[in-house]
Amino acid sequence: MPKYDYLILSPHFDDAVLSCSARILAASRQKKKILVATVFSETSNAPDDLEKSRQRKDEDDKAMSFVGADSVWLGFADAPWRSPHYSSFSRIIGQPAASDFEFQQEVGRRIANLWQEVQPETTLLPLAVGEHIDHRIVYQARHALPPYCNLEFYEDRPYVFPKGMLELRLTAIAGSDEDRDLRRFRELLSNLSAVHIYKSGRAALTYGWLLAMARRIRKPPVDAPLLEPRLIKFEEADLQMVLNAMSFYDSQIKGLFGTLAEYEEECRAYAALLSEAAYAERYWIRIHTRRQAFDIIKR
Ligand SMILES: [Zn+2]
């Protein structure tokens with residue numbers, strides 16, 4: 001493998017383009033070398049699944065060549081095909097299957113090997129907003145990477161669009177003052193206009209999702225990274241390019257947003273929330289604490 005400027009870890013085929021495409025397009029205009037690694041790129045061997053998988057790979061090839069990135073598929077199986085534990089969406093965002101603890105190490109080792117091969121200047125991982133188990137496993141791969149590497153986390157779209165979702169994820173990552181967070185969580189529930197995860201008619205699902213997260217908030221992790229936000233603003237023309245890139249993932253659009261126009265609307269609304277720009281992407285840079293910095297120097 002050649003060396004790359006950027007290594008972008010994408011849990012599924014569409015995640016890197018959904019969440020980072022304006023940045024990928026800008027980097028590729030600057031002649032940067034970008035590698036997108038899709039971690040969960042396999043389903044089952046059933047003929048129907050194989051056909052869908054072929055279609056998704058074909059879509060991914062086209063999207064990658066449009067945005068100017070190379071791609072590699074790491075060949076792990078999506079949650080529902082990996083374990084019967086993940087029989088519903090609420091289980092996919094809930095407690096991991098017991099077998100996934102060992103599996104997570106395996107994914108981490110694979111990603112670390114790839115990192116060593118391509119020696120990227122910057123590595124992008126999902127923040128795992130929305131708590132999808134596959135996204136969480138890729139987020140956890142940060143432990144397998146060298147402590148000195150430049151790590152940034154991207155906000156998983158469309159999970160990040162509904163109000164409060166990012167806050168919940170940052171709380172789950174950073175640990176929390178339980179009383180304050182449970183109070184905020186209740187506020188969030190009471191403010192929920194029974195609209196959506198992202199679309200109407202899924203309020204029950206949203207409710208289950210929030211409950212699952214409230215349970216997670218009770219357990220502050222000890223290994224929380226320190227994160228600093230970095231907002232990147234883009235123009236109208238960039239947004240149009242982002243929509244063009246997304247249009248290659250034809251099989252996913254209906255399930256995710258309904259139509260591309262609805263996706264555009266969501267993108268504009270989110271950009272308006274972040275800044276005055278027509279389009280914006282926010283990244284969370286991992287910064288080292290003093291203690292960690294000393295540990296790195298000692299190596
Ligand atoms: Zn995904």
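In which loop is Q119 found?

Mentor: This is a predicted model. Q119 is found in the loop between α5 (100–118) and β4 (122–126). Look at its backbone. Phi of Q119 is near 45°, a positive value, and the residue is not glycine. Now its surroundings. Q119 has 13 other C-beta atoms within 10 Å.

E131 is found in the loop between β4 and α6 (133–140). Its phi is near 70°, again a positive value in a residue other than glycine. The setting is another matter. E131 has 21 C-beta neighbours inside 10 Å, so it counts as buried.

A further loop deserves a stop. It runs between β5 (151–154) and α7 (165–174), and P158 has its place there. The peptide bond joining R157 and P158 is cis, with omega about 5°.

Now the core. The largest nonpolar core has 69 residues. L7, I8, L9, I34 and L35 touch the most other members. Helix α1 (residues 15–29) gives the most to this core, with eight residues.

Take L9 by itself. Leave out residues up to four places away in sequence, and L9 touches A37, V39, I111, L124, L125, V138 and A141.

Technical notes
Residues numbered from 1 in each chain as written. Predicted model: local features only at pLDDT ≥ 70, side-chain atom pairs only at ≥ 80, totals over all residues. Core = buried A, V, L, I, M, F, W, Y, C linked by C-beta atoms within 7 Å. Buried ≥ 20, exposed ≤ 12 C-beta atoms within 10 Å, placed from the backbone. Helix = DSSP H or I, 4+ residues; strand = E, 2+ residues; numbered from the N terminus. Contact = placed C-beta atoms within 7 Å.
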